[in-house]
Amino acid sequence: MDPFATLGLVPRFDLDQGELESRYRELQKALHPDKHTGAPASQRRMTLNKAVEVNEAYRTLRDDIKRAQALLALHGNAQASGEREVADPELLMEVMELREALGEAKVRRDLTEVKALAARVDALRAGVRSGLVAAFAALPASAAAAQLSPLAAQVSRLKYYQRFLDEVSAIEDEAEAS
Amino acid sequence: MSLMQIHDPVGAPRPIGIDLGTTNSLVAYVPLIGEATCIRDCDLDPLVPSVVCYRADGGVTIGKDAQRLAQQLPQDTIVSVKRFMGRGAGDAETRRLGPYRFAASEGPVVTFAVAGDRVVNPVEVSAEILRELKRMAEDELGEVGGVVITVPAYFDDAQRQATKDAGKLAGLQVLRLLNEPTAAALAYGLTERQNGTFVVYDLGGGTFDVTVLVLDNGVFQVRATGGDSQLGGDDMDRALAQRFLRAMGFALEAHVPPGHVRVALDAARAVKHALTEQTVVEAEIEVPGDKSLAQRVTREEFEALVRPLVERTGVACRRALRDAGITTKELDGVILVGGSTRVPLVRKYVSELFGREPLTDIDPDQVVAIGAAIQADLLAGQGPSDDVLLLDVLPLSLGVEAMGGVVEKILPRNTPIPASAAQVFTTYADNQTGFELHVVQGEREMAEACRSLARFTLKGIPPMPAGLARLQVRFDVDADGILKVAARELTTGICQSVDVKPSYGLSDADIERMLLEAYDHAETDIAVRALREERVEAERIVAATEGALAADAALLLPGEREVIEAAMQSLRAAAGGGDHHVIHTRIEDLDLACKPFAGRRMDRSIARALSGRNVAEVERDTANAKGIESHLGPRPEH
């Protein structure tokens, strides 16, 4: 299912968030189950399925990584669906070092270091993201597989950074709770 | 001279909204003319204490009268039953300070042993409270229609299901479960007519919720929610009660007689309330069978006791803000809900946490019930505005237990609902014909640390080598936040039956049995009810169909109207008869006749929703084009 088509948006990475939000709300005004409470069963099912699809598309497009994967999938890149990850040794090394540093900071309960690492990764993520904005904008409609794989690699990078930042959040939550 | 049309005030059944609270419950409705309002008892008090006393004579007392019996019959009087909803027999809540006698339960559900050799579960206790509220509403309105019941946003699937079951057991037609913070925002937002991003901080008697939502011209979109369904004013009472019990000379909670526990908890609550206005309280506690005990509590001492509890709310608040992707600076307001937000320390903490004074111009006790009534009115199609819509999220991640006890998340927390997701599993042994699936809810990595929702056994997989079978399991979460699971074997395409064993819930058979027990002449009553419900349904669908035909005649194909009209006519005839099965069949017939027409109507409404695009897009494209020109500057001259 093409999430851009579901929400009636032109496929692009650099999506206008405001437009996404308003499109989403307009569609749910027409489809949400609360708007069809008096309707016969099959009509309720029909609109419910559509409402679920709109929610799913919205969730995909709101998220940088999922939106990039959806775009790659539209271009016919099978890797986009996450079936096979590109294992870039350089990226793996980088991430392993970062994770090790994070693990040590966690054991030391050094929240300042945790925050510093998070800031570093967040900057890396921002860099990759703006690179993707440019790369997707420059991508021709009929891009060949060779043109897609560097983008897919950057998306994996984004994923690793996101996972790292999620871990940071988990550490911060734990530190606060204790 | 024309005759004025007079509405019969006790005519059509009115939809109602119920706030089924830990400490107090309320029922509200939207009158034909005027604002949503809470129904009051004969003392003009809208609060019904959520207290149920099971008397030795076999009767049941609810509300204020039950509250008065609590000290005398501490083990037979269930207070704060909401804390036990959807909970297992060995749940941590059963070990906290309280006067109850937990029955050795056969099933997984926690049960209380009460007077008259009765054993009751939390769903039955809650149903008693709901019945009382229904009675109050009927006294005021005549017949009540559908009901919206509120639940803490952070309630998990089992707790939601238990609440819905309680409604069913009380003989209510539950239109929706509505999250309490969302209900509060609805009540608030519709009065204030403000747009922006708001936080609802809801600290009740037993539960804490925080919700970040966006109000945009009648659409209330929840961005993130968080909380703790076992944190509230009750825990403050317990902290203070423990101090009183020590003063009475009890060293260990476990050995305190139930009567003393009840007295200490009640005294603690009274002192807590008094400390909202006063800075010091001199309490005189009537110790059962002893002389009374004088206790002096300063606000400072109380705050020191409850500060750790209040600070626990901060973790959930910060996480909700992070999940919503916003900072406190971007907030337009903080709305306080729940009786426990009257505690001065809570107000101080909230304003420091969010860097602004919270909005308190609405009664934190009534606002949730008012919101529920507005939503019930909207769902019954009687609301004033078509533009109002609540968009909510899944509060806790749903997942399945994978190899090694690790949770594999299927739907993450804060996913907009309704939602669905499918996951494909395979067999790990040759000729394996069954597959066990453990569904859990929560944020922890290990399944054993999450809430166990259900264990499913998929049976009847055709024998094949390991790894060949492809089992697709589908998770559907409805707008109430309640999960349904279905499974299919993909290589054969056969839908497999799913064996549901709720880990902490009541099965449909349990509910049916309790329903039967609740009625004296069960069978006839149930048939009468079924007939009434089908008639209401028939009326609704005929009205909806007539409306659709009138509004969208242009979308009808030649001959289609005649088929639909005929189906409507035979439904009307059936509704006049006394067989609910026949009415049901005719409803399905009409549904079928309308299906293609309904499909065209849906497609058209989607197209309309998307049509805003063209204008915006054209505008933006023009703007972009201009942007490029200005970047290029004037063309070089050669």
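This is a predicted model: local features need pLDDT of at least 70, side-chain atom pairs count only at pLDDT 80 or more; totals for chains, interfaces and linings use all residues.
Within chain A, helix 2 (residues 17-31) packs with helix 3 (residues 41-62) at an angle of about 170°, the axes of the two helices being 10 Å apart. Because angles over 145 degrees count as roughly antiparallel, helix 2 of chain A is described as roughly antiparallel to helix 3 of chain A. On the side of helix 2 of chain A, the contact is made by A:L20, A:Y24, A:L27, A:Q28 and A:L31, which meet A:T47, A:K50, A:A51, A:V54, A:Y58, A:L61 and A:R62 in helix 3 of chain A. The residues of this contact between helix 2 and helix 3 of chain A divide into eight nonpolar, two polar and two charged.

Between the two chains, 33 residues of chain A are in contact with 38 residues of chain B. On the side of chain A that touches chain B, the elements giving two or more residues are helix 2, helix 3 and helix 7 (145-177) of chain A, and helix 3 of chain A gives the most, with 13 residues. The residues on this side of chain A divide into twelve nonpolar, ten polar and eleven charged.

In chain B, five strands form an open sheet of mixed pairing, in the order 17-12-13-14-18. Strand 17 (333-337) and strand 18 (389-391) of chain B are the edge strands, each of them pairing on one side only, and the twist from one strand to the next averages 25°. Strand 13 (residues 208-216) of chain B pairs with strand 14 (residues 219-228) of chain B in the antiparallel sense, over nine bridges, and B:L215 stands opposite B:F220 in strand 14 of chain B. Helix 7 (residues 299-324) of chain B lies across strand 12 (196-203), strand 13 and strand 14 of chain B, and runs at about 140° to strand 14 of chain B.

Methods. Residues are numbered from 1 along each chain as its sequence is written. Chains are lettered from A and ligands numbered from 1 in the order in which they are written. Axes are lines fitted to C-alpha atoms, for helices over the stretch in contact, and angles run from 0 to 180 degrees between N-to-C directions. Helices (H or I, at least four residues) and strands (E, at least two) are DSSP runs, numbered from the N terminus. Angles under 35 degrees count as roughly parallel, over 145 as roughly antiparallel, 65 to 115 as roughly perpendicular and the rest as oblique. Two residues are in contact if their C-beta atoms, placed from the backbone, lie within 7 Å. Ala, Val, Leu, Ile, Met, Phe, Trp, Tyr, Cys and Pro count as nonpolar, Asp, Glu, Lys and Arg as charged, and the others, Gly among them, as polar. Two strands pair if DSSP finds at least two bridges between them.
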